[in-house]
Amino acid sequence: MKRIVLTGGGTAGHVTPNIALLPHLRELGYDIHYIGSYDGIEKGLIEDLGIPYYGISSGKLRRYFDLKNFSDPFRVLKGYSEAKKLLKKLQPNIIFSKGGFVAVPVVQAAKSQHIPVIIHESDMTPGLANKLSIPAATKICCNFPETLSSLPEGKAIVTGSPIREELHAGNRLAGMRFCGFTEEKPVLLIIGGSLGSVAVNQAIRGILPGLLKTFQIVHLCGKGNLDESLENTAGYVQYEYIQKELPDLFALADVVVSRAGANAICELLDLRKPNLLIPLPAASSRGDQILNSRSFEKQGFSEVLMEEDITPELLLSRIQTLYQNRETYISAMEHSDASNAVAKITALIEEIAGA
């Protein structure tokens, strides 16, 4: 039996693409195992799916001063030793790493045992964990054509990010019933990320009367961000977080306003949803969302509006223009190389595992 070890963790973005690969890997006959941190978010997500899970010690490698910088290298070394023992026991044909700091000792341990490794980089420029792992990689998958110039020649391939199969199985009518909407107006979906975005939430609610003249609105506003004063507003529904019904809401949406996290925008690309991206400002991040959104804008997949440029009039105008030109964006997305990522990545896994 072919055996694969998946690794990655620290955030949901380092786990959900791995989860998206599971059904196809099972179809191909792989015995699947997962290495993550002792108690990271990945542990519960993977164990709930019945995949054998192994925790190792993990430390964060920081570019800034922190007292933990003195102790974390020892945690990483311990994780490396634990990963080596696990890989000797499991003897996988291949490793697939979605990144995060827990993946670094796993990838290095695989290199020491001559096990081929495929790495996936979601953002335009590699993060520190993947930079440390790249020399040990056999192949590197990425989301953006521009990323190829930051990676070793001959190792990198644009695949897009694996998207969960269930997102493609949404039902528009089910979404309409869930929200209490009608066919009379198109639907605008607002996604602020898993924690929500105060800036995006406030901007959308500030132009709600104008938006409701054209759209019915589904607002995923994040935990603790519901506005009770807007309950029972005709044509507007708000939820902190949606899981089960999310595929139906995507099927229902005609256009989307979203932050520009790599996994989120790859879902929009794969689902062919015209979108306006409002990236997280550089002051609040390493600037990856800005780079991600500009790439999608350049390729014709998205409109982009910087948070600091938002005015009520401009935001309303950009959303209306997005809807009017939606077919142009859909056409561009249909011709993208960064779609059907699950099929591309599993084919690459098959090729390298069988080499």
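Predicted model: local features only at pLDDT ≥ 70, side-chain atom pairs only at ≥ 80, totals over all residues.

Biologist: Where do Glu-297 and Arg-294 lie?

Modeller: Both belong to helix α11, which covers residues 288–298. They are three residues apart, about one turn of the helix.

Biologist: Is Glu-297 buried, exposed or partly exposed, and which is Arg-294?

Modeller: Glu-297 is partly exposed, because its relative accessible area of 31% falls between the cut-offs of 20% and 50%. Arg-294 is partly exposed too, with a value of 37%.

Biologist: What does Arg-3 meet in a salt bridge?

Modeller: Asp-31, with 2.7 Å from N to O between the side chains.

Biologist: Is Asp-31 buried or exposed?

Modeller: Asp-31 counts as buried, because its 19% relative accessibility is under the 20% cut-off. Arg-3 is partly exposed, at 26%.

Biologist: Staying with β1, what's up with Thr-7?

Modeller: Thr-7 is found in that strand, and it is buried with a relative accessible area of 0%. A polar atom of the Thr-7 side chain lies 2.8 Å from the backbone oxygen of Ile-35.

Biologist: Which residues is Thr-7 in contact with, leaving aside its neighbours within four places in sequence?

Modeller: There's a list, including Asn-18, Tyr-34, Ile-35, Phe-96, Lys-98 and Val-106.

Biologist: Okay, changing topic. What order do the strands have in the open sheet of six?

Modeller: The order is β10-β9-β8-β11-β12-β13, and the pairing is parallel. β10 and β13 (302–304) stand at the edges with a single partner strand each, so one side of each has no neighbour in the sheet. On average, neighbouring strands are turned by 20 degrees against each other, direction ignored.

Biologist: How many bridges hold β9 and β10 in their pairing?

Modeller: Four, with strand β9 (residues 216–220) and β10 pairing in the parallel sense. Val-218 stands opposite Val-237 in β10. On to strand β8 (residues 187–191): five bridges join it to β9, again in parallel, and Ile-191 has Leu-220 in β9 as its bridge partner.

Biologist: Which way do the side chains of β10 point?

Modeller: Tyr-236 and Gln-238 point one way, while Val-237 and Tyr-239 point the other way. All of them are buried. Side chains in a regular strand alternate between the two faces of the sheet.

Biologist: And which strands does helix α7 lie across?

Modeller: Helix α7 (residues 198–206) lies across β8, β9 and β10, running at about 160 degrees to β9. Helix α12, meanwhile, lies across β8, β11 (255–258), β12 (275–277) and β13, at about 145 degrees to β12.

Biologist: What can you tell me about Pro-312?

Modeller: Pro-312 lies in α12, which covers residues 312–324, and is partly exposed at 49%. Pro-312 and Leu-212 are 100 residues apart in sequence, and 14 Å apart in space from C-alpha to C-alpha.

Biologist: Last one: what does the side chain of Glu-303 make a polar contact with?

Modeller: With the side chain of Arg-318, at 2.9 Å. Glu-303 is found in strand β13 and counts as buried at 15% relative accessibility. Leaving aside neighbours within four places in sequence, Glu-303 is in contact with Asn-275, Leu-276, Leu-277, Arg-318, Leu-322 and Tyr-329.

Terms used. Residues numbered from 1 in each chain as written. Heavy atoms only, no water. Salt bridge = Lys/Arg side-chain N within 4 Å of Asp/Glu carboxyl O. Buried < 20%, exposed > 50% of the residue type's maximum accessible area, 1.4 Å probe, protein only. Helix = DSSP H or I, 4+ residues; strand = E, 2+ residues; numbered from the N terminus. Pairing = 2+ DSSP bridges. Axes fitted to C-alpha atoms, helices over the stretch in contact; angles between N-to-C directions. Contact = heavy atoms within 4.5 Å. Polar contact = N/O pair within 3.5 Å; in protein donor to acceptor, adjacent residues only side chain to side chain.
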